[in-house]
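Welcome, and thanks for taking a look at this one with us. Please have the sequence and the model open side by side as you read the points below.

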Amino acid sequence: MSARSLYMFKIADQPSEFEQIHRLNYRTFVEEIPQHGANAEQVLTDKFHQENTYMIASRGDVLKGMVCVRGLRPFSLDAKLPNLDSYLPRGARPCEIRLLSVERDCRNGKLLFGLLELLARHCKECGYDIAVISGTLRQQKLYRHLGFVPFGPIVGVPAAAFQPMYITREAFKATWPKLVSAPNTSAGLVNLLPGPVGIAPEVRRDFGKAAVSHRSDAFIADFQETRRLLCALTCAQHVEILMGSGTVANDAVAAQLTRLPGRGLILSNGEFGDRLVDQAERWGLSFATLRTPWGNPFRAEEVLRKVDRCRGIRWLWAVHCETSTGVLNDIDSFKRICREHNLRLCMDCISSIGSVPIDLTGVYLATGVSGKGLAAFPGLSMVFYNHTLRTGEPALPRYLDLGFYAAHDGIPFTLSSNLVYALKTALLRRNEESFERSRHLSRALREGLKSVGFRIIASDSDAAPAVITIALPPALSSLEVGRRLDELGYTLSYKSGYLIRRNWIQICLMGECNDEKVLPVLDALGYFCPPQHLAAL
């Protein structure tokens, strides 16, 4: 697990938790703030301990932070400030917040946010609408940032002086989304989408170059180099680049399949397999379909059985990385089956090219895009192939006729030089280290999520590192969790219809990302998905 693994937030109720509370209380209010005298046991039990409700944050079994609340009068502040109620709004139902303490190595904002979020829920359940504190003078900037308002004179002694302060429920509701420090304010939001993805500065720089004609010699040279880099990355012999989304590229594949004799077989174990079926139907292709439940990979035996049962199968079309679930289907088993049964294999590799090492040797047609794993801007799609394309196919739409592209050295129509230059730069940055970083980060996220009870749709053995699809329990709304994460600066995938229908959210690692920026999303998820809800999974 990373050093930024999840904190567990809860109300203390175990003897071992109370023992750690007393010791943290001592370290903070004896050793750090000299409010009480030292003792050999290094334990400080609060005088209101039996009446306090403690909100705690732990990492594993180790207490890392706490705060307590108490609603019984007199408060500790009553003893320091006579006529306390005269400073508060008339008719208020107050409580007192005390003993806020966080270990030095965890004072990064995220733990504090979780404690206060839990505290706010508890105060609301108890009917409190205002909270008072004795705020240490050394943390006045923090308290004011949280929304606390100072009132009355400073109390205490010079070595441990405090400013009475209060916060209303309304003020806290307006402030809490800002409590976690921005994930990286200088770099903007943390982009965890499957597209558009985070873009490296040098890719942005080359995208911003002045546009040039797609007929210029300089552009043609750069374009051909981009094609070469794409083929080197995928082990394909040829590639055609089209302006448009992955849907355009898959339509170009379907157009080619209309020129082949015999029937086909389309595999679907998710949303994007279903989209292949839809596109094939729209093109009037003759084919059989093999479906397996979402989240399950295809096994070679079931594909072989389907091929044997269906007469006249001449091609097979499937998705490599099923983006809806995060399952990485076994392209090598598909290649082996097609080789042994003389089938042409077509693969939707839109979410896998650039995300995982891939070998398209022997694949008839495969599709990719610029705006996902290749970490460039969306707008370019591509079709890879390893054979000679037929030219002069008047039955095909001109824009989708791959043979027409091949006959014009890949540039039969206008191309955006900005998109091509950005793609070329992104390709030059892709290497084995990129894949390893993604694998490492994906493992850390999956372990962190599973350790506290989240259910991940794809099993470890069949998972694509770049897509983590998370099932939320019925008590939690994926739309609400996604919205709240958006407010904190973590942009996840949760608005697609197929995710909404299943109450799923996704963390995707297709663009520029690193541990420092991404792993704190585990803390944020922990805030919004309490353990008692996850237990229902």
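How many disulfides does the count come to? The count comes to zero. Bear in mind throughout that this is a predicted model. The notes below begin with the cysteines and then turn to strands, a helix and one glutamate.

**Cysteines**

- Cys-95 takes part in no disulfide, and its nearest cysteine sulfur, in Cys-123, is 3.9 Å away.

**Strand S13 and its partners**

- Strand S13 spans residues 313-319 and is mostly covered, with six of its seven residues buried.
- S13 runs parallel to strand S11 (residues 263-268), and four bridges join the two.
- Across that pairing, Trp-317 of S13 has Ile-266 standing opposite.
- S13 also runs parallel to strand S16 (residues 344-348), this time joined by five bridges.
- Val-319 has Asp-348 in S16 as its bridge partner.
- As a reminder for reading such strands, side chains in a regular strand alternate between the two faces of the sheet.

**Helix H1**

- Helix H1 covers residues 15-32, which makes 18 residues.
- From first C-alpha to last, H1 reaches 25 Å, close to the 26 Å expected at 1.5 Å a residue.
- Which residues of H1 are buried? They are Glu-17, Ile-21, His-22, Leu-24, Asn-25, Tyr-26, Thr-28, Phe-29 and Val-30.
- An α-helix has 3.6 residues a turn, so residues three or four places apart point the same way.

**Glu-271**

- Glu-271 sits in helix H9, which runs over residues 271-282.
- Is Glu-271 buried or exposed? Its relative accessible area is 15%, and the cut-off for buried is under 20%, so Glu-271 counts as buried.
- Setting aside neighbours within four places in sequence, Glu-271 is in contact with Trp-294, Glu-322, Ser-324, Tyr-498 and Arg-501.

Terms used
Residues are numbered from 1 along each chain as its sequence is written. This is a predicted model: local features need pLDDT of at least 70, side-chain atom pairs count only at pLDDT 80 or more; totals for chains, interfaces and linings use all residues. Side-chain values use heavy atoms; hydrogens and water are left out. Buried means under 20% relative accessible area, exposed over 50%, partly exposed in between (1.4 Å probe, protein chains only). Two strands pair if DSSP finds at least two bridges between them. A disulfide is a pair of cysteine sulfur atoms within 2.5 Å. The expected span of a helix is 1.5 Å times one less than its number of residues. Contact means heavy atoms within 4.5 Å.
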